[in-house]
Each structure stands twice: as structure tokens, then as C-alpha cells.
Amino acid sequence: INTGDGKGKTTAALGVGLRAAGHGMKALMLQFIKGTWATGELDAVKRLEPYFKIVQLGQGFICKDNPAGHSYTDAVIENARVSWDYAKQEIFSDLYDIIILDEINNMAHYGLLDVDDIIIALKERPQRLHIILTGRNAHSKIIDMADTVTEMREIKHAYKKGTRAQKGIEF
């Protein structure tokens with residue numbers, strides 16, 4: 001699990017996918033929230049197919065800091081359901097060595113995915129399959145069952161000084 005309020009959760013997971021691809025293993029990153037805009041990692045990973053693939057499932061950022069009491073559109077709820085169904089299909093396909101569920105922690109925290117359903121899928125997955133979960137606010141039940149948990153902690157971020165997201169750094 002890569003969690004916490006600091007930068008680098010997805011980037012660290014991409015590094016594992018890159019390392020796996022270098023060993024001839026197959027890695028898949030499923031992005032639950034990030035929208036369909038172009039990012040540097042999408043273009044880079046296309047060069048590594050079939051060893052590393054990214055599939056964007058999300059509709060873009062759906063919730064900011066406080067999910068409590070936030071209501072979601074039917075489209076957001078349906079996208080979460082369809083995305084999770086797709087993820088489970090890939091998890092149980094036995095085609096990959098590593099699957100990265102990017103920002104799935106956020107989806108569970110926002111109440112869009114059921115934590116217990118995620119845990120069932122993790123427990124029943126093919127045993128050779130490594131799964132990395134990223135995103136803020138990882139649920140304690142998932143943290144408890146994980147082999148490795150890293151928390152990225154923000155100490156300082158240029159965004160707070162008004163610096164906009166930078167090509168090649170944030171996207």
C-alpha cells in the first residue's frame with residue numbers, strides 16, 4: 001500500500017511496474033480516479049506494452065478534501081461500479097504478475113467502493129499476483145492485511161505557494 005497525504009504514491013507504484021517490466025513480468029495499472037487526460041506515464045508505458053499497461057477507468061477528480069456528506073452523481077456511482085467490476089475481472093484473469101489499483105484507497109474512503117469487497121478480492125486473488133493499492137486514507141482493515149505499507153507524508157508542496165501542476169513532474 002502507498003498511502004498518505006504526500007506526493008509520490010502513484011509514482012512509486014509506477015516504479016515497481018517499470019522494474020517488473022524490466023524482468024519480463026506483466027504489470028497492469030488501473031487508474032480509478034484520474035481522468036482521460038494525457039500524462040507522461042501513459043505515453044512512456046505504451047512503449048513497454050505488453051509488459052506494462054495503464055488503463056484509465058476514472059472520470060477525473062470527483063471529491064476534494066472532505067468526502068463526508070458529499071453526494072455523487074449517478075454517473076460517478078455507476079463508473080465506480082463498472083470500474084471495480086473491470087478490476088476484479090483483471091485480478092482473476094491470471095494474466096498479470098502485478099496489478100496496481102491506483103487511487104482505490106480514495107474510492108473506498110469516499111464510500112464508492114466497499115472495503116469488504118476489496119478485501120475479498122485481495123484474499124481470493126491468484127496467489128502469484130502482487131497487488132499494489134495507492135491513494136490517500138487507506139482503510140485500517142486493508143492496512144492490517146497488507147504485507148508492505150508506505151505512508152507518504154507531505155512536508156511542503158510547491159502547489160501551496162501557487163505553483164501549478166508541472167508537465168513531467170505532476171503529470
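I searched the whole structure and found one cavity of 30 Å³ or more (on a 1 Å grid over the protein atoms alone, a set of points where a 1.4 Å probe fits but cannot get out). This is a predicted model, where local features need pLDDT of at least 70, side-chain atom pairs count only at pLDDT 80 or more, and totals for chains, interfaces and linings use all residues. Residues are numbered from 1 along each chain as its sequence is written, and side-chain values use heavy atoms, with hydrogens and water left out.

I noted a volume of about 50 Å³ for the largest cavity. Its lining residues (an atom within 4 Å of a point) include Phe32, Gly58, Val76, Asn79 and Met107. Helix α3 (helices are DSSP runs of H or I, at least four residues) gives the most to this lining, with three residues.

Next I looked at α5, residues 115-124. Val115, Ile118, Ile119, Ala121 and Leu122 are buried there (under 20% relative accessible area, 1.4 Å probe, protein chains only).

Last, I checked Asp102, which lies in strand β4, residues 98-102 (strands are DSSP runs of E, at least two). Asp102 counts as buried because its relative accessibility is 0%. I also listed what Asp102 touches (heavy atoms within 4.5 Å), including Met29, Phe32 and Thr134.

Key:
Buried < 20%, exposed > 50% of the residue type's maximum accessible area, 1.4 Å probe, protein only. 1 Å grid on protein atoms, 1.4 Å probe; cavity = no way out; pocket = protein on both sides within 12 Å on 5 of 7 lines; lining within 4 Å. Points joined across faces, edges and corners; volume = space filled by probe spheres on them. Lists of a residue's contacts leave out its neighbours within four places in sequence.
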